[in-house]
Amino acid sequence: LKQVKRRHGGTVNDVVLAACAGALRAFALERGEPAVPLKAMVPVNVRAPDDGDGLGNRISFVFVELPCQEPDPARRLAMVRESMDVRKAAGDPERTDGLLEAVGRAPIPVQRVVSQAMASPRMFNLVVSNVPGPPGRLHMAGCELLEAFPLVPLTQGHALSIGMLTIQGDACFGLYSDERALPDADRLSEHLAVALDELLALA
């Protein structure tokens, strides 16, 4: 992931999103379905660099289109990078963070309505989350942590979430799906491996 980022610019998150777009494209085509753009909700860190001592998470969200219709992996990566750059430059994460703070101070009925609207399948198709894990080694009861696979919760009406967590330089992907909607989601993990290999070949 870092090799691809160094070669093409952008962020590791851009590479992850491009790989997910490639995997979802191959998955759809294998099922005989059209490969169409999908909208991902992407958590982003909005904590200021000088707020390292602050408690809790400062997470906001951006909504980005995954170009699953694009057959060329290099072009998919460029499209994801451009889309993310535009949203960051426009201040989308900060605006969403401000909205969430305001909703948190609103009456409970208002909070319910807004949260249901934000989690609606009309807003996004899936969540793709990339979280940097601890850089050093971790142990519990004498056993070293080697892998950790994230489970990104599914909101009502959604069928898939994809998470990535780094452990000592390894990228551990976790795919979480509704088995009624995606009984063949194990195939998606295989397509994700291929999509990552395609991007690595570009670097």
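Me: Which residue in β7 does Leu165 stand opposite?
Reply: This is a predicted model, in which local features need pLDDT of at least 70, side-chain atom pairs count only at pLDDT 80 or more, and totals for chains, interfaces and linings use all residues. Residues are numbered from 1 along each chain as its sequence is written, and side-chain values use heavy atoms, leaving out hydrogens and water. Strands are DSSP runs of E, at least two residues, and helices are runs of H or I, at least four, numbered from the N terminus. In β7, the residue opposite Leu165 is Cys172.

Me: Over how many bridges do β6 and β7 pair?
Reply: Two strands pair if DSSP finds at least two bridges between them. Strand β6 (residues 160-167) and strand β7 (residues 170-177) run antiparallel, and their bridges number eight.

Me: Why is α2 said to be largely enclosed by the rest of the structure?
Reply: The helix α2 has 19 residues. It is largely enclosed because the number of them that are buried is 15.

Me: Which residue with a positive phi follows α2?
Reply: The phi in question is near 75°. The residue after α2 is Gly32.

How values were computed
Buried means under 20% relative accessible area, exposed over 50%, partly exposed in between (1.4 Å probe, protein chains only).
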